[in-house]
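Please look over the following structure together with this short report, which moves from backbone details to helices and then to a core.

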Amino acid sequence: GNIKEKDYTLLLPVFENGANAMWISSFFAICGFAEIVFILFLQHRSRTKLKKSHLYVLAFLLFGLALGPLVGAITIFGIEEAQRMKYPAFSQWRILELGKYLTRLDFFSIFQWVAGAFTRQAVGLYVVADLLGKQTPKARFLTIMTLCFLLWLTLFLPFNEPVFTIYLSRFYMPFSFVFALIAVSYTHLTLPTKRIV
């Protein structure tokens, strides 16, 4: 929808200021991909054997979802403005127009954000209840409700946005990456070979 606003020449030259910034940002992107490890915890629930090709396709789609807003922000707003943006996808939704009368569609960005957050939380809660060995529906329900209550309590932590951003970059993202590596290693060492992706 925003293709008419984009100037792809703004993507060049590549590595104008060196490759260091690219390596640092790549690490944080890889940390985000650590969520794929949830699939390893769900494969015993799958009716068919999970294949490596499925993970490769999923990783490729997630890579596109991560790269799309970045490329869009640079090609629409320019590199200087894109560097200052915290949520480039929201700004891209804001300038989208569908015909003559449908403008200011930035409410879709909130829908996109909430849908992603809800899906991540739901899968995470399901996996935690499964890892805790809760088999009966009542035990699973109580576990998930307890975890939801604890998540709700985190809303009251006195974090402003800059502190939360520091927490994400210094603690949460590296920890999730290390956890994913440990989980994948443990899965390959302990699960039967027919179930390993």
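P13 belongs to the segment that precedes α1 (20-33), where helices (H or I, at least four residues) and strands (E, at least two) are DSSP runs numbered from the N terminus. The peptide bond leading from L12 into P13 is cis, with omega near 0°. F15 is found in the segment before α1 as well, and F15 has a positive phi of about 60° although it is not a glycine. Most residues other than glycine have a negative phi, and most peptide bonds are trans. F15 is partly exposed, with a relative accessible area of 47%; buried means under 20% relative accessible area, exposed over 50%, and partly exposed in between, using a 1.4 Å probe and protein chains only.

This is a predicted model, in which local features need pLDDT of at least 70 and side-chain atom pairs count only at pLDDT 80 or more, while totals for chains, interfaces and linings use all residues. Residues are numbered from 1 along each chain as its sequence is written, and side-chain values use heavy atoms, with hydrogens and water left out.

Two helices can be set side by side, the expected span being 1.5 Å times one less than the number of residues.

| Helix | Residues | Number of residues | Expected span | Span between end C-alpha atoms |
|---|---|---|---|---|
| α3 | 52-77 | 26 residues | 38 Å | 38 Å |

The buried residues of α3 are L55, G72, A73, I74, T75 and I76, and they pack against α2, α4 (79-84) and α5, contact meaning heavy atoms within 4.5 Å. Just after α3, G78 takes a positive phi of about 90°.

In α6, the buried residues are S109, G124, L125, V127, A129 and D130, and what covers them includes α2, α5 (88-94) and α7 (137-153).

Which residues make up the largest nonpolar core? There are seven, namely A34, V37, L40, F41, V127, A180 and A183, a nonpolar core being a set of buried Ala, Val, Leu, Ile, Met, Phe, Trp, Tyr and Cys residues joined through side-chain atoms within 4.5 Å. The elements giving two or more residues to this core are α2 (38-42) and α8 (161-190). Leaving aside residues up to four places away in sequence, A34 touches S176, F177 and A180.
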